[in-house]
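My notebook is open, and I have a protein to look through. I will write down what I look up as I go.

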Amino acid sequence: MKWATRLAWKASVLLALMIMGGGIFSCSSAPSPKAAVGTSAATTTSVPPATPGPAASTTRGGDAGPAAPEYAATPPAATSSPAPGTSASTKETKSAGSMDSGSGGPVPASRSAAPVSVPTQSGLKAGYSDDNEQFNLFVSFLDQYHEVPHVPLDIQERIVLKIQDSEGKALSNALVSVRSSNGGPELARGLSYADGSFVLYPLEYQDMKAKAYQVDVSWQDSRISMPVDRFGPRTLTAALKTQRSVATPLPVDLLFILDTTGSMGEEIERLRSTIEIIDANLTALKPVPALRFGMVLYKDKYDEYVTKDIPFTSDLAAFQRELDEVSADGGGDDPEDLQSALKDAVSGMNWNRTGIRLGFIVTDASAHLDYGQTYTYATAVREAKARGIKLYSIGAGGLPIEGEYVLRQIAQYTQGKYIFLTYGETGESSGGAEGSVSHHTGSNFTADKLEAVIIRFVKEEISRQSDRPLQYDESYISAQRVPDETREATLGKLFEAALQDLSDYSTLKLGQQTRCAILPISTAAPSPAPPAGDNAQDAKELATQSEYFGSQLTLAASRTRLFTLVERKDLQSVLHELELQLSGLSDDSAAAKVGKLLGAEVLVTGILYRAGDQYELFLKLIRVETSEVLAATKAKLALNLGL
């Protein structure tokens with residue numbers, strides 16, 4: 001039985017922790033092992049807790065890129081009709097098969113209730129990844145495991161709209177309508193999320209041949225119409241001529257979609273014991289939230305119930321009484337009826353209309369896709385996206401690859417995150433092993449207590465409607481010179497990790513066939529500036545180091561096989577033709593012109609600084625066609641790693 005296997009594993013883990021001194025389950029947030037650049041080179045990624053206000057911005061997602069195009073408001077356009085759309089996409093084979101098998105399958109054996117396991121003092125540890133930020137990594141994940149049974153959601157082509165007011169503040173619940181530029185029926189329709197985002201997925205639309213779209217955005221009495229080039233920038237800003245107003249208090253609905261079969265006792269008990277902590281942390285925020293909690297409980301056919309809905313309530317005590325009645329029992333085969341639960345969650349709950357709407361799926365099982373249901377999880381996420389409902393998915397211990405695939409599809413499509421309970425694990429998990437949750441997210445994740453992760457994400461959403469949204473200190477990769485390893489070996493590890501970062505966080509799908517040119521690294525004056533007499537010598541020294549680091553970066557790129565490298569032997573003649581100097585390559589549009597003449601689709605550019613007792617290297621991945629920054633990262637290098 002699923003629960004018995006998992007409980008046995010947890011007992012063995014606790015025994016091992018006792019033997020080791022119990023150091024894994026720390027109350028503090030575990031450091032992210034994101035960019036561990038080899039075993040001997042000392043490397044780390046800094047992911048400190050959030051701080052309010054306009055603090056340092058992260059290099060993730062191309063923050064250093066050019067401003068997205070803005071469009072002035074135009075007269076309103078008529079909109080109507082439903083939002084159609086379907087498509088294809090994918091993960092590895094633990095059990096391959098078709099989602100359309102039709103029949104209900106064998107009757108599962110009943111299973112008795114698992115005894116409730118009291119959580120460890122620090123709570124269940126949850127790692128998380130953002131498949132929208134690491135978009136190219138997610139697309140690669142889908143391709144790699146495409147034989148896993150799933151429902152198609154073709155998200156590989158993506159255009160992100162950022163809807164803002166006249167002061168650049170995010171507008172939530174703005175109504176967006178998408179049509180082909182040639183007219184015709186509405187292709188997509190929905191509400192923006194708290195950060196003002198709305199995503200277009202051209203491969204999902206009925207008119208898959210459209211090369212441009214007409215997008216109409218309305219918020220209260222303000223409207224804007226704007227053209228969108230399907231092959232243009234991946235991120236666009238729609239600025240409305242209005243000023244944001246936020247409801248006081250701000251309606252915030254939190255829905256827990258809970259698998260309540262026999263193996264889920266520990267997760268249910270953890271939620272029960274921390275719901276007051278969650279409530280206390282959120283009600284103290286600004287703008288002040290009007291919190292409501294609700295639940296959709298689910299099991300499977302032949303159990304006590306398939307789904308059970310607990311309506312939203314602002315009465316915490318009443319919600320706690322309902323939560324106290326939830327028990328983990330039943331089940332038999334590993335998959336459960338998640339699709340029925342999602343139908344209730346998205347269509348059956350009385351969600352608020354003017355605030356923030358968040359759902360948290362918690363399960364350790366894959367979803368039954370063999371019941372012949374017409375309302376699938378793909379139907380649910382399309383409807384959730386249209387209604388501005390964001391779904392986070394939480395994979396508990398024992399979750400197989402089939403479950404991870406579906407949970408990550410659900411979270412990514414609705415702009416949520418995939419969360420996995422680590423139980424003290426670090427790094428990758430192959431998935432499906434006894435007691436192991438599947439998380440093929442790369443080593444880039446941060447672990448924290450489950451309730452702390454939930455609080456963080458809800459805080460993020462609420463803060464986006466404030467004048468001081470939460471900011472997180474930038475992450476970076478660093479390297480030191482170490483004994484028994486050559487300078488080149490350490491730099492190779494560092495730059496391979498940096499290039500992997502650029503690939504993972506690219507907002508455009510990339511692959512081994514993508515033609516990439518590594519341009520020479522530019523330099524910037526040290527800060528603070530040295531005495532005037534040393535300027536020339538320092539500039540010369542920095543130029544020497546940038547040339548050396550550039551050659552090591554190119555060597556690393558040739559080993560990674562992330563791209564097809566384009567030779568730049570004619571670079572000087574290209575620069576001469578464009579009347580450019582090497583120093584001009586720090587300008588994104590100028591670099592893109594060079595890339596076009598070199599025959600590249602994307603470029604890697606860099607700028608090197610001397611910052612105190614170390615070098616700082618900012619790297620950007622630039623799309624040649626549009627000059628937009630697809631991803632950015634930063635590396636810190638000890639001075640003794642230079643020549």
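I looked up a sheet and found an open one of three strands, in the order β5-β2-β8, with mixed pairing. Its edge strands are β5 and β8, since each pairs on one side only. Neighbouring strands here are turned by 25° against each other on average, direction ignored; the axes are lines fitted to C-alpha atoms.

I noted two terms. Strands (E, at least two residues) and helices (H or I, at least four) are DSSP runs numbered from the N terminus. Two strands pair if DSSP finds at least two bridges between them.

A note on my source: this is a predicted model, where local features need pLDDT of at least 70, side-chain atom pairs count only at pLDDT 80 or more, and totals for chains, interfaces and linings use all residues. Residues are numbered from 1 along each chain as its sequence is written, and side-chain values use heavy atoms, leaving out hydrogens and water.

Next I followed β2 (residues 159-164). With β5 (residues 197-200) it pairs in the antiparallel sense over four bridges. I found V160 opposite V199, and K162 opposite S197. With β8 (residues 235-239), β2 pairs in the parallel sense over five bridges, and there I163 stands opposite A238.

Then I asked: how much of helix α5 is buried? Eight of the eleven residues in α5 (residues 338-348) are, among them L338, L342 and V346. Buried means under 20% relative accessible area with a 1.4 Å probe, counting protein chains only.

Last, I checked the whole chain: it has twelve helices and 22 strands, and 56% of its 643 residues are buried.

Note on methods
Buried means under 20% relative accessible area, exposed over 50%, partly exposed in between (1.4 Å probe, protein chains only). Axes are lines fitted to C-alpha atoms, for helices over the stretch in contact, and angles run from 0 to 180 degrees between N-to-C directions.
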